[in-house]
Amino acid sequence: QVQLVESGGGLVQAGGSLRLSCAASGRTFVSSAMGWFRQAPGKEREFVGAITWSGGITYYASSVKGRFTISRDNAKNTLYLQMSSLKPEDTAVYYCAAGRYGSSPSDYSYWGQGTQVTVSS
């Protein structure tokens, strides 16, 4: 099993940056692909990006490509999401997830509790 805890959310002005972290516990973290998703009020959970277990391959939603970067440090059991050039439409609760490499929520078995990101205009 993998337990996930996100941190780093907050309030930021449009054009600013934030880095989210996802601390994982459990021996299967290093063998799991990881993903970031987000959910705005009244909307479905949306794929943000994913990274393979080795960190060698990443994949992003078109809405964030070029602005967001996913990375992981397997020695620290931590996943990161560096967000820059933030827009008000990036406002959402952000979740990290562990599972198989993919863009669907059904690809992931384990989820964190989420961290709120609010971008003001």
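The model is a predicted one, in which local features need pLDDT of at least 70 and side-chain atom pairs count only at pLDDT 80 or more, while totals for chains, interfaces and linings use all residues. Residues are numbered from 1 along each chain as its sequence is written, and side-chain values rest on heavy atoms, with hydrogens and water left out.

Four strands make up an open sheet in the order 1-3-8-7, with antiparallel pairing. Strands here are DSSP runs of E with at least two residues, numbered from the N terminus, and two of them pair if DSSP finds at least two bridges between them. The edges are taken by strand 1 (3-7) and strand 7 (68-73); each has a single partner strand, so one side of each is left without a neighbour in the sheet. On average, neighbouring strands of this sheet are turned by 15° against each other, direction ignored; the axes behind this angle are lines fitted to C-alpha atoms. Within the sheet, strand 3 (residues 18-25) and strand 8 (residues 78-83) pair in the antiparallel sense over 6 bridges. One of the residues involved is A23, whose bridge partner in strand 8 is T78. Strand 8 also holds L81. This leucine, L81, is buried, with a relative accessible area of 0% (buried means under 20% relative accessible area, exposed over 50%, and partly exposed in between, using a 1.4 Å probe and protein chains only). The C-alpha atoms of L81 and G35 are separated by 9.6 Å, and the two residues are 46 residues apart along the chain.

The structure has 1 disulfide, defined as a pair of cysteine sulfur atoms within 2.5 Å. It is formed by C22 and C96, with their sulfur atoms 2.0 Å apart. The pair links distant parts of the chain, since C22 sits in strand 3 and C96 in strand 9 (residues 92-99), 74 residues apart. The link of C22 and C96 is right-handed, with 60° about the S-S bond. C22 is buried at a relative accessible area of 0%, and C96 is buried with a relative accessible area of 0%.

Charged contacts follow. Side chains of opposite charge can pair when their charged atoms come close. The structure holds 4 salt bridges, each being a side-chain nitrogen of Lys or Arg within 4 Å of a carboxyl oxygen of Asp or Glu. Among them is the contact between the side chains of E46 and R38, at 2.8 Å from N to O. E46 is partly exposed at 34% relative accessibility, whereas R38 counts as buried at 6%. Another salt bridge joins D90 and R67, the closest N and O atoms being 2.8 Å apart. D90 lies in the loop between strand 8 and strand 9, and R67 in the loop between strand 6 (58-60) and strand 7, so the pair ties together parts that are 23 residues apart in sequence. Both D90 and R67 are buried. These residues come together in a network of salt bridges that links R38, E46, R67 and D90. R100 and D107 also form a salt bridge, with their closest N and O atoms 3.0 Å apart. Here R100 is exposed, with a relative accessible area of 53%, while D107 is buried, with 13%.

Aromatic side chains complete the picture. A search of the whole structure finds 5 aromatic pairs, where rings of Phe, Tyr and Trp (its six-membered ring) pair if their centres lie within 6.5 Å, and planes under 30 degrees apart count as stacked, over 60 as edge-to-face and the rest as tilted. The rings of F37 and Y108 have centres 5.4 Å apart and planes at 75°, so this pair is edge-to-face. F37 lies in strand 4 (residues 33-39) and Y108 in strand 10 (residues 108-111), so the pair ties together parts that are 71 residues apart in sequence. F37 is buried, with a relative accessible area of 0%, and Y108 counts as buried at 5% relative accessibility. One aromatic cluster is formed by F37, F47, Y59, Y108 and W111. W111 also has R45 lying over its face, at 4.8 Å from the ring centre. The charged end of R45 sits over the ring of Y95 too, 3.8 Å from its centre; such a contact requires NZ of Lys or CZ of Arg within 6 Å of the ring centre and within 35 degrees of the ring normal.

How values were computed:
Axes fitted to C-alpha atoms, helices over the stretch in contact; angles between N-to-C directions.
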